[in-house]
Each structure stands twice: as structure tokens, then as C-alpha cells.
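Work through the exercises below with the structure in view. Try each task before reading its solution.

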Amino acid sequence: MPTIIALDVSLSMSRPIPNQPSSTGGSGGTESDNMVTYHHLAVQGINYVLDYLTKHARLEYVSLIIYSSLYEVVVDFTRDYDSIRNALHKIEHYDKTCLENVLVAVNNAFKAHWGSQNYCQIIFITDCGVGMGPSSLKNTIINIQAYKAACAAAAAAAAATAAATADGSKATITVGGKSAAIPSPGENQWVGFSYPSKLSFMCLGSLSTDSAFRCGTKLYMQLLEVSGQKGQLFIPRMKMKQEESGGGETSPTTGDDGEDVVRQLTRASAMELFATMCDINYRQFEATLRCGGYFRLEEPVTVWPAPLPYTARDLLGAETTKLMSRRLEVCGFLRMSDIGSPMSVSRHLILPRNVGGTVAGSSDQGEGGKASSNGGLKNGHGHSSAEERLEADIKAFYAKSDTADHHQHDDQALDGADVNKESVCVLLHGALKVENMAALVLVGDNWFGFIYSYADGKKKWNLMLNVLPPGSDVVPWLGDLRYLGTLDDAFQGENPAFPIKADKRSYSQTIVVWIRHASLQSDIQKVLRHAKKLPEKTQHFYKELNRIRRAALSLGFVELLEGLAHIFEREISTLPLNASPDCSMQLTHAAIELRKTNNRDLKSVIHALPTQYNQLA
């Protein structure tokens with residue numbers, strides 16, 4: 001889940017925050033150096049975000065962009081947060097604010113690196129300047145409204161055209177003299193991000209005293225509403241005097257209820273703003289991994305990145321949203337070769353989580369080394385049934401003997417004790433890696449996934465969760481996942497194989513892919529290399545020629561056949577003197593055969609010309 005941080009470097013960000021405490025003594029130059037500006041608070045906020053990611057989500061990729069009327073990518077996507085910290089000290093201020101340009105830049109930068117399927121966190125740090133002239137935020141909102149209206153009119157016209165066609169009418173409906181096609185936005189027009197994302201605006205200012213900031217926040221909120229972009233505005237809240245740690249930092253005023261209220265922006269309120277944003281946007285998804293039947297193994301884990309709600313739409317257009325459960329139940333194990341490559345919703349890392357200073361998966365113990373009464377409680381989930389309570393009591397009973405034997409080791413240092421603690425994640429990862437298998441996991445109500453060992457490099461091995469679409473029949477060759485069982489459960493004479501068992505899958509065939517120019521160019525160069533080695537490579541030459549010809553005919557790329565014929569004729573004139581006479585004869589024959597209309601059939605094959613040189617006569 002990459003993160004893009006966009007920092008406003010317009011001239012308004014260089015203003016000092018109002019009502020700062022006056023420095024005692026010193027020269028005027030020293031006092032100006034100690035003035036805290038909006039930019040200083042923004043830099044401190046970015047450092048807070050980086051520190052939070054370092055502690056809780058160090059695998060996040062972060063990019064830093066600065067903007068005013070133009071924009072600049074200061075640091076591209078990286079996990080080296082120190083490079084971003086160093087770049088913050090070299091930032092300069094420029095002119096007015098233009099939000100639309102940087103929104104377009106953010107949209108293009110993320111798609112270039114991550115495509116349009118990944119989720120992105122976008123954080124704008126600004127004093128809510130709205131800009132001036134045609135590039136102002138108000139004009140941006142007007143342009144988005146005009147674009148949405150044009151799209152709605154085009155959709156209505158298309159629906160009317162479809163209805164008229166269904167009635168047998170041949171009337172053509174146009175809007176404004178043009179056909180009713182959905183318009184495309186301009187090159188520098190932003191109408192929303194083309195990938196799943198959340199846009200967070202960190203608004204530095206005071207709603208109670210700054211009228212420009214109050215007007216700016218309204219326009220920023222209107223931008224989110226008009227564009228339909230998922231996002232949120234984070235605004236510093238006013239504090240009571242006794243809540244403010246630095247009481248002499250600002251001048252408090254008396255509120256309606258008689259309490260002293262700090263109405264100005266302060267360093268403490270700004271840091272609280274960033275802390276709230278980090279807690280909301282980067283909250284860890286804590287779950288419990290459970291494995292086994294009666295004697296169940298379980299361990300608190302962290303699923304990273306946090307899974308997003310899955311929204312499905314049925315044939316009638318009704319939407320249903322499902323959330324992943326906090327309990328991951330291992331149902332069984334399958335071979336990786338049987339699973340294949342099914343369609344997945346998302347992939348996540350499963351990391352062990354420490355609970356109360358102990359390694360995840362270790363039993364909680366109270367005073368005297370006895371198991372605590374809530375030893376069966378994991379991740380805040382109680383045992384709701386009598387069977388689970390009985391199971392917890394049995395585990396606590398058997399744990400007493402082990403606790404008495406090893407009680408003398410409990411007084412050692414915590415770091416030394418953590419090494420000897422068991423971990424379900426380590427056990428499951430080692431078993432899946434050695435056996436080359438995957439675990440079928442229940443992640444929700446009628447919602448499954450696979451856990452397997454994944455190598456991120458030569459030495460980095462992780463436990464990966466592959467989440468399938470909701471449903472039990474989402475992997476066709478495995479059948480209904482609810483009815484999977486062991487070989488011992490099969491009846492006598494019953495075939496225990498999966499419903500579909502293909503020895504050779506269709507997608508494993510050698511096919512021609514010409515998505516890029518380099519692929520087509522390499523195929524043509526391969527044919528020419530064989531042509532220059534005739535007559536030794538006669539069979540290889542015609543094999544590659546027929547492969548390219550069939551692919552071109554399948555794609556309707558008939559112009560390629562004429563192009564190959566021209567290339568062969570040009571190669572005849574460039575052959576060296578020591579080349580075999582069979583080269584020119586075979587190239588001439590191939591050019592003639594490519595131009596024949598009766599060879600446009602996919603079933604036809606171009607054969608080599610028998611000569612005295614290739615011994616085919």
C-alpha cells in the first residue's frame with residue numbers, strides 16, 4: 001500500500017503561525033529565526049508520519065512531492081525514509097497554489113509505478129490555499145461539475161438510443177450536434193483518481209480566527225464531494241487551556257461555556273492532527289491464526305497490508321460489502337500443484353504479533369506461574385460456547401506441569417526467554433515450505449484463502465495470505481471448497497481426484513505475444529537469422545515462418561505478410577558472395593507464397609522448395 005506525501009510550498013506556507021510567544025532577550029534576527037511557520041509544522045508532521053511508519057509499517061513505499069503552481073517529485077517511491085528526511089531540509093518556497101496540476105501528477109506517477117489495481121494513500125499537507133485565476137480550486141470544481149454533467153447527458157442519450165433501437169426505430173440521437181459518446185477528460189484535467197485510493201488533506205490553520213482558512217476548507221470538502229473521491233479533511237481541534245501542555249504558547253479565550261479555549265494553531269495541535277491521521281489510515285489489522293482440531297494452536301498475528309472491504313455487485317446491481325474476519329481458521333492443506341493459479345482479491349503478509357510484551361502464541365501466565373483465567377482469550381475474542389471454555393480449562397490444566405518445571409526460567413530477561421517460545425507462524429511456515437503445500441484458510445463467512453510460503457528474494461521467506469473472492473466455488477478445478485476432505489474419507493472405489501484434472505493446461509502452450517514492438521521485431525529477426533544459414537536451417541526457417549504467418553492471420557494482421565515478403569526480397573540483394581544459392585531461392589519462394597491468397601487459410605502450410613542444395617528433391 002504505497003503512500004504519496006504532497007507538501008504545499010507556496011508562499012503562504014512560509015507565514016509564521018499567529019500569536020506565538022515572544023522570545024525573551026536576544027536580537028531581532030534570533031527572534032525571527034525562532035519563529036515557527038506553517039512550513040515548519042508541515043515538516044515536523046512529515047517526520048512524525050515517517051517515524052510512525054518506521055515503527056508500525058516499515059514495508060511501506062513512500063514518495064515525496066512538492067507543489068505550488070508547478071510540482072516536483074523530490075523523492076520517488078522508496079523504503080529509505082532517511083532520504084525523505086534529508087530532502088525536507090532542502091525545500092524552497094515558490095509562488096501560488098495550484099491543486100489540479102499536482103492531482104494530475106499524482107495520478108500519473110502512481111499509475112506509472114504501480115498500475116491501476118493497487119491501493120494508495122495520498123496525503124496533502126497544506127494551509128488550504130485555493131489559488132487564483134483559471135487554476136484556482138473553484139474553477140477546478142466547476143470543471144469537474146461540467147464533466148460529470150456531460151457524462152450524465154451522454155449516458156442518458158446512450159440509454160435513449162438503446163431503447164429506440166430495441167423498438168425498431170432508426171432515429172439517431174445527438175447531444176449538441178455531436179454523437180452521444182462519453183467524453184474523456186482533458187490532459188491536465190483531474191476528475192478523480194483512476195485507482196483505489198484515499199485522499200487525506202492535512203489542513204493547518206484555525207477555523208475560529210482565520211476566515212481564509214475557513215473558506216478554503218469548505219472548497220476542499222466540496223472538491224471531495226463533487227469528484228466522488230474517497231477522502232477526509234483533518235483539521236486541528238480547539239483545546240481547553242488545561243489540555244494544552246504549553247499554556248503560555250497562545251492566548252486563550254473564553255468559550256460559551258465559560259471554559260478557556262485555545263483557538264489558534266499550535267505545535268501540539270498540529271502533531272495531534274498527524275497522530276489522528278496515522279491512527280486512522282495506518283491502523284494495523286490484528287487477527288488470530290488458529291490451526292488444528294480439538295487441541296487447537298493459535299497465535300495473534302498482524303495481516304499487512306490491512307485488507308480492504310470487498311464490495312460485490314450482483315446481476316440486479318445491488319452491492320454487498322464483506323469484511324475479513326479477525327479469526328483465520330486453517331481448514332486443511334493442499335499441494336501447490338493442485339491449487340495452480342486461481343484468481344485472487346489481494347495478497348497479504350502474515351506477521352507474528354507481540355501481546356503484552358510476550359511473543360505471540362505463548363500462553364498468558366499470571367502470578368506464581370499459573371495460567372491466567374483469560375488464557376483462552378485471544379485478541380479480545382472470548383469463548384462464547386461451553387465447548388471452547390472446556391477446551392481452555394483442559395489447556396490450562398496440562399500447562400500447570402510444564403509451568404512448574406520451567407518456573408525458574410521465568411525470572412530471566414525477556415529477550416532471552418522469547419527465543420525459546422513456540423510460534424504457530426514459524427511452525428506453519430516451515431511445514432508448508434518443506435512439503436510444498438498451502439493451507440486452506442477460512443477468512444470469513446463462506447470466504448476462503450490460501451496461506452503459503454513465499455520467497456521475497458534469495459534469503460527472505462514470508463508467510464503469505466492469498467485471499468480468494470467470496471464464495472465456496474471460486475476455484476473451478478477444486479470444486480466446492482466446503483466439501484473437500486482427506487483421502488481416508490473417500491469411499492471404496494471412489495475417485496479421490498479433483499473434479500477437473502488436466503495433465504496439460506491450455507495456458508501452458510507456446511503462443512505468440514506481440515503486445516510490444518520488441519516482441520514482433522525479435523520474431524522477424526529470428527526468421528532472418530535462420531534464412532542466412534540456409535540450407536542447414538531450412539526446417540527451422542519454415543517452422544518459424546509458418547508460426548508467424550498463423551499468428552498474423554489469427555490477429556487479422558495481413559499487412560505483416562506483405563511486409564515479410566518485402567523484407568525477404570531486400571535480404572536477397574544484401575546476401576554475401578559466399579552465401580549458398582539456396583538462400584536466394586528459398587527467400588524468393590517464401591515471398592511468393594506469402595503473397596498468394598490461397599495461403600491465407602490457417603490450416604495451410606508453406607513448405608520448403610526442393611533444390612539440389614537442401615536434399616529435399
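The crossing of H13 and H15 is right-handed, meaning that the near helix is turned clockwise from the far one by less than a right angle. The model is predicted: local features need pLDDT of at least 70, side-chain atom pairs count only at pLDDT 80 or more, and totals for chains, interfaces and linings use all residues. Residues are numbered from 1 along each chain as its sequence is written, and side-chain values use heavy atoms, without hydrogens and water.

**Exercise 1.** Describe how H13 and H15 pack.

Step 1. Locate helix H13 at residues 538–555. Helices are DSSP runs of H or I with at least four residues, strands are runs of E with at least two, and both are numbered from the N terminus.

Step 2. Take the axes, which are lines fitted to C-alpha atoms over the stretch in contact. They come within 12 Å and cross at roughly 20°. Angles run from 0 to 180 degrees between N-to-C directions.

Step 3. Classify the angle. Under 35 degrees counts as roughly parallel, over 145 as roughly antiparallel, 65 to 115 as roughly perpendicular and the rest as oblique. H13 and H15 are therefore roughly parallel.

Step 4. Find the contacts (heavy atoms within 4.5 Å). Residues of H13 including Phe541 and Leu545 meet residues of H15, among them Leu587 and Ala590.

**Exercise 2.** Repeat this for H14 and H15.

Step 1. H14 spans residues 559–573 and H15 spans residues 581–595. Their axes are 9 Å apart, at an angle of about 160°.

Step 2. The pair is therefore roughly antiparallel.

Step 3. H14 passes H15 in a left-handed crossing, so the near helix is turned anticlockwise from the far one by less than a right angle.

Step 4. The contact includes Leu561, Phe568 and Ile572 of H14, and Leu587, Ala591 and Leu594 of H15.
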